[in-house]
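Subject: The structure I promised you

Hi there,

Here is the structure we talked about, with its sequence. Have a look around first, and then read on.

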Amino acid sequence: MKYIGVLFGMENTFPGALVERINSMRTPGVQAEFVEIGIVRMAEPCKYSVIVDRISHDIPFYRAWLKNAALDGAYIINNPFWWSADDKFFNYALATKLGVAIPRTVILPHKEHPPGTTDRSMRNMQYPLDWDAAFQYVGFPAYLKPFDGGGWRDVHKVSSREEFFKAYDQTRTLCMTLQAAVNFEEYFRCYVVGQDHVHVMPYNPRVPFHERYVQNPPAYDRALLDRVELDARTLCHALGYDLNTVQFAVEDGIPYAIDFLNPAPDADLHSVGQANFDWIVDAVAALAVKKATEEREPVRYRWDRFLSERS
Ligand SMILES: Nc1ncnc2c1ncn2[C@@H]1O[C@H](COP(=O)(O)OP(=O)(O)OP(=O)(O)O)[C@@H](O)[C@H]1O
Ligand SMILES: [Mg+2]
């Protein structure tokens, strides 16, 4: 039997629907369930062929267990090694090189020294910092937001130098990016599953959370949607995410990718609505079953070469 395990946190609707959907497919030799683990021994074999991870970004113990599971050949959606290493600033830089439109972005030194460090830890820094050059490059209005953020935490819109410093002074030890604001007409959140399947969801971040997924969207220009889908695929291929949400803000017909580090994207029925929920449940179920059943190339990790030399 090949087991597909779902690892999740506080969310309620998606994990259960995913397990049910996979089991209702009645694929011979495949069964889905919620993951159950206790204290884990090193190099312990893992029961699961595939694990859908919705929560290890918040729980280091789960992240460590997932890496241990990878060592035993489990396919993890998403790859915990890469997810641990990734950040939004790297994403923007990579995307720029790939030809995807990105608003001008800089990364800023922490406002307060990270825990356990002092002035002496910062002797490679060029002080005073050239804030004017950064403001000139990015321009105002701009968004000040964490380089690894999620859930809209510590995101500030700033329209002047004064507003910037007021917001920056509240950022504690966070590592922040400053990004030109896109004055958007359209805004899309796109689910991308298996790096190829894109579901474009018109979204309005300017209204309260529960009304954001636009229910009766207008007809959009086909060429714009094609570019959005292509860029979403390009980004997920490059980053290797099997499940992600890529967000675009569109100004003057150009879709700017502003956040594509969402490897455990919101998939709650009550926020995304029934049609989007059905799409994501079906797509992730199909991907998990495919990964459990297909003859697949093993995922290449830096250490796997050493293991095969020993076997
Ligand atoms: N460059 C930008 N131009 C316009 N709006 C922006 C920009 N950057 C961020 N925003 C606004 O701030 C919101 C949160 O930003 P972002 O998505 O980068 O952060 P997040 O914490 O990952 O949020 P989420 O949970 O929605 O993914 C966006 O949905 C958007 O409305
Ligand atoms: Mg995000």
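Below are my notes on the two ligands and on two residues I looked at along the way. Keep in mind that this is a predicted model.

Let's start with ligand 1. There are 20 residues around it, and the ones that come nearest are Lys-88, Trp-152, Val-182, Gln-247 and Asp-259. If you sort the shell by class, you get 9 nonpolar, 6 polar and 5 charged residues.

Which residues have polar atoms facing ligand 1? Gln-179 is one of them: an N or O atom in its side chain sits 2.9 Å from a nitrogen atom of the ligand. With Ala-180 it is the backbone that takes part, as a polar backbone atom there is 2.9 Å from a ligand nitrogen. Asp-259 uses its side chain, with a polar atom 2.8 Å from an oxygen of ligand 1. On its own, the ligand has 590 Å² of accessible area, and the protein covers 95% of that. Strands E6 (142–146), E8, E9 (186–193) and E12 (254–259) each give two or more residues to the shell.

Asp-259 turns up again at ligand 2, which is a magnesium ion. Here Asp-259 (OD) and Asn-262 (OD1) coordinate the metal, at 2.0 to 2.1 Å. Both Asp-259 and Asn-262 are buried.

Now zoom in on strand E8, which runs over residues 176–180 and holds Thr-177. Is Thr-177 buried or exposed? It counts as buried, because its relative accessibility is 1% and the cut-off for buried is under 20%. Skipping neighbours within four places in sequence, Thr-177 is in contact with Phe-89, Thr-105, Val-106, Ile-107, Tyr-143, Leu-144, Lys-145 and Phe-147.

What does the side chain of Asn-68 reach? It gets to the backbone oxygen of Glu-44, at 3.3 Å. Leaving out residues up to four places away in sequence, Asn-68 touches Val-40, Arg-41, Met-42, Ala-43 and Glu-44.

Cheers!

Definitions and conventions. Residues numbered from 1 in each chain as written. Chains lettered and ligands numbered in written order. Predicted model: local features only at pLDDT ≥ 70, side-chain atom pairs only at ≥ 80, totals over all residues. Heavy atoms only, no water. Helix = DSSP H or I, 4+ residues; strand = E, 2+ residues; numbered from the N terminus. Buried < 20%, exposed > 50% of the residue type's maximum accessible area, 1.4 Å probe, protein only. Contact = heavy atoms within 4.5 Å. Near = heavy atom within 4 Å. Polar contact = N/O pair within 3.5 Å; in protein donor to acceptor, adjacent residues only side chain to side chain. Areas by Shrake-Rupley, 256 points an atom, 1.4 Å probe, with all protein chains shown as cover. Nonpolar A, V, L, I, M, F, W, Y, C, P; charged D, E, K, R; others polar. Donors = N, O, S within 2.8 Å, 3.2 Å for Na, K, Ca; no water.
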